[in-house]
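Subject: Structure for you to look at

Hello,

Here is the structure I said I would pass on. Please open it beside this email and follow along; my notes come after it.

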Amino acid sequence: MNDIAVLGAGMHPWGKWGRGFVGYGTAAARAALADAGVRWQDVGSIVGANTMRSGYPGYVAGATFAQALGWQGARVTSVYAACASGAQAVSTARSQILGGLADVVLVVGADAAPKGFFAPAGGERPDDPDWLRFRVLGATNPAYFALYARRRMALYGDTPEDFAQVKVKNAAAGALNPLARYRKPVSAAEVAASAVVADPLRLLDICATSDGGAALVLSSMEFARRHGHPDPVRIRAVSTVTPTYPKAVLDLPDIATDSAAVVAPAPHSFRASIAKAAYEEAGIGPEDLSLAEVYDLSTALELEWYEDIGLCGAGEGAKLLRDGVTALGGRVPVNTSGGLASFGEAVPAQAIAQVCELTWQLRGTAGARQVPGARTGITANQGLFGHGSAVVAVR
């Protein structure tokens, strides 16, 4: 096993605070260090998930956070993979620990997101697929979330009422999470009464953009045992796989598919392959899960993740939800944190925040949203243009 230990987890509450991302990330880092009982001076490496805007760097996050915490000579790395940035940062930290380059690594991500949906940076960039989907298709994020929803309705018979129940479930969990931005239960009637943004999705079907930060202190198992952590939460697998040629189903914001005339498509979709690789590395299957944190950019997309991580077959996500399987108290609760529905997107931080939630659940310290006896969890996420993101944590 190539396990590493999660010694500490910390977050800055998410919301719209009107400040810079450095403060949010620094607060999360200090909370994680305190949780781990580790001094900043003892950290051998810091990995920062970059704050970026449509391919253009905001700041060099690793060095930015190292400077904010106080230069102390640690190795530094900055990574960017859009919404998968946090998982890439965890993967980098894990490689450094297993390679013997550092005993303790601090992973940090934070954002101060613009108001409204994300838009491309200015300038003419015809070789940038993200810029092209706005310019050529007019496909804002809510527009392509809605196209995914329509596809589910056409293929599987999902309904707007099914989508609304995802928000109801996640809002109920978020109401129990002091770090969430939105902490109020929501009814299906309230979802149905909210404004239409991109048919069939309404305002409460789509996640907001937020400010926030998340951090983890990771270490070798030997260091953990030497420093009073005999049975820590462990990261057992990190999947950052890319798609397999040919991609024969359109996956916006890419605006084209590959030809399948000569080579048959892979048996698994890209999102399903992310989880599959994590399961294979960890030596587990979906039947072993106690809980999952998935990437609910929209309510409809969460239903698709149920299928992609193997909780049910294609088209069965809505039934799984209706049967209560994925709710708190269900067989495999999904998004016990409240998900992006309750937090909103703080892009470099969100995959790290997912691992924070798994950590607290596997420790048994998640309070009113605790999953009894939680032993194994998975995160699932996806970054632009083929950045896989999944982490398996065990106790």
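In this predicted model, the largest nonpolar core holds 50 residues. Ile 309, Ile 378 and Val 392 have the most contacts inside this core. Two or more residues of the core come from each of these elements: helix H5 (141-156), helix H6 (160-174), H9, helix H10 (299-308), helix H11 (317-322), S12 and S13. Nonpolar side chains tend to be buried together in soluble globular proteins.

Leaving out residues up to four places away in sequence, Ile 378 touches Ala 275, Ala 278, Tyr 279, Leu 289, Leu 291, Ala 292, Glu 293, Ile 309, Leu 358, Val 391 and Val 392.

Nine strands form an open sheet with mixed pairing, in the order S5-S2-S6-S9-S1-S10-S13-S12-S11. Which strands stand at the edges? They are strand S5 (75-79) and strand S11 (291-293); each has a single partner strand, so one side of each has no neighbour in the sheet. From one strand to the next, the twist averages 25°.

Strand S2 (residues 45-49) and strand S6 (residues 104-112) run parallel and are joined by five bridges. Within this pair, Ile 46 of S2 is opposite Leu 106 in S6. Helix H2 (residues 61-69) touches S2, S5 and S6, and its direction makes about 125° with that of S2. Helix H9 (residues 270-282) touches strand S10 (233-239), strand S12 (376-383) and strand S13 (387-394), and its direction makes about 135° with that of S10.

The buried residues of H2 are Ala 61, Gly 62, Thr 64, Phe 65, Ala 66 and Leu 69. In an α-helix, residues three or four places apart point the same way, because there are 3.6 residues a turn.

Another residue to look at is Ser 342, in helix H12 (residues 339-343). Is Ser 342 buried or exposed? Its relative accessibility is 1%, so Ser 342 counts as buried, the cut-off for buried being under 20%. Apart from neighbours within four places in sequence, Ser 342 is in contact with Asn 170, Ala 171, Gly 174, Ala 180, Arg 181 and Tyr 182.

The largest pocket has a volume of about 790 Å³. It is lined by 32 residues, of which Val 249, His 268, Ser 269, Phe 270 and Arg 271 are the closest to its centre. H5, H9 and H10 each give two or more residues to the lining of this pocket, and the largest share, six residues, comes from H5.

How many cavities of 30 Å³ or more does the structure hold? There are three. The largest cavity contains about 470 Å³ of space. Its lining has 37 residues, and those nearest its centre are Cys 83, Asn 141, Tyr 144, Tyr 295 and Leu 384. At least two lining residues come from each of strand S3 (51-53), helix H4 (129-135), H5, H9, helix H13 (347-363) and S12. H5 gives the most to the lining of the largest cavity, with four residues.

Last, some points about the backbone. Most residues other than glycine have a negative phi, and most peptide bonds are trans. Here are some exceptions from this model:

- Asp 199 and Pro 200 are joined by a cis peptide bond, with omega about 10°. Pro 200 is in the loop between strand S7 (196-198) and strand S8 (201-202).
- Tyr 245 and Pro 246 are also joined by a cis peptide bond, with omega near -5°. Pro 246 is in the loop between S10 and H9.
- Asn 335 is not a glycine, yet has a positive phi of about 60°. Asn 335 lies in the loop between H11 and H12 and counts as buried, at 1% relative accessibility.
- Phe 385 has a positive phi near 60°. Phe 385 lies in the loop between S12 and S13 and counts as partly exposed, at 35% relative accessibility.

Regards

Notes:
Residues are numbered from 1 along each chain as its sequence is written. This is a predicted model: local features need pLDDT of at least 70, side-chain atom pairs count only at pLDDT 80 or more; totals for chains, interfaces and linings use all residues. Side-chain values use heavy atoms; hydrogens and water are left out. Two strands pair if DSSP finds at least two bridges between them. Axes are lines fitted to C-alpha atoms, for helices over the stretch in contact, and angles run from 0 to 180 degrees between N-to-C directions. Contact means heavy atoms within 4.5 Å. A nonpolar core is a set of buried Ala, Val, Leu, Ile, Met, Phe, Trp, Tyr and Cys residues joined through side-chain atoms within 4.5 Å. Buried means under 20% relative accessible area, exposed over 50%, partly exposed in between (1.4 Å probe, protein chains only). On a 1 Å grid over the protein atoms alone, a cavity is a set of points where a 1.4 Å probe fits but cannot get out, and a pocket is an open set with protein on both sides within 12 Å along at least five of seven lines; lining residues have an atom within 4 Å of a point. Grid points are joined across faces, edges and corners, and a volume is the space filled by probe spheres set on the points.
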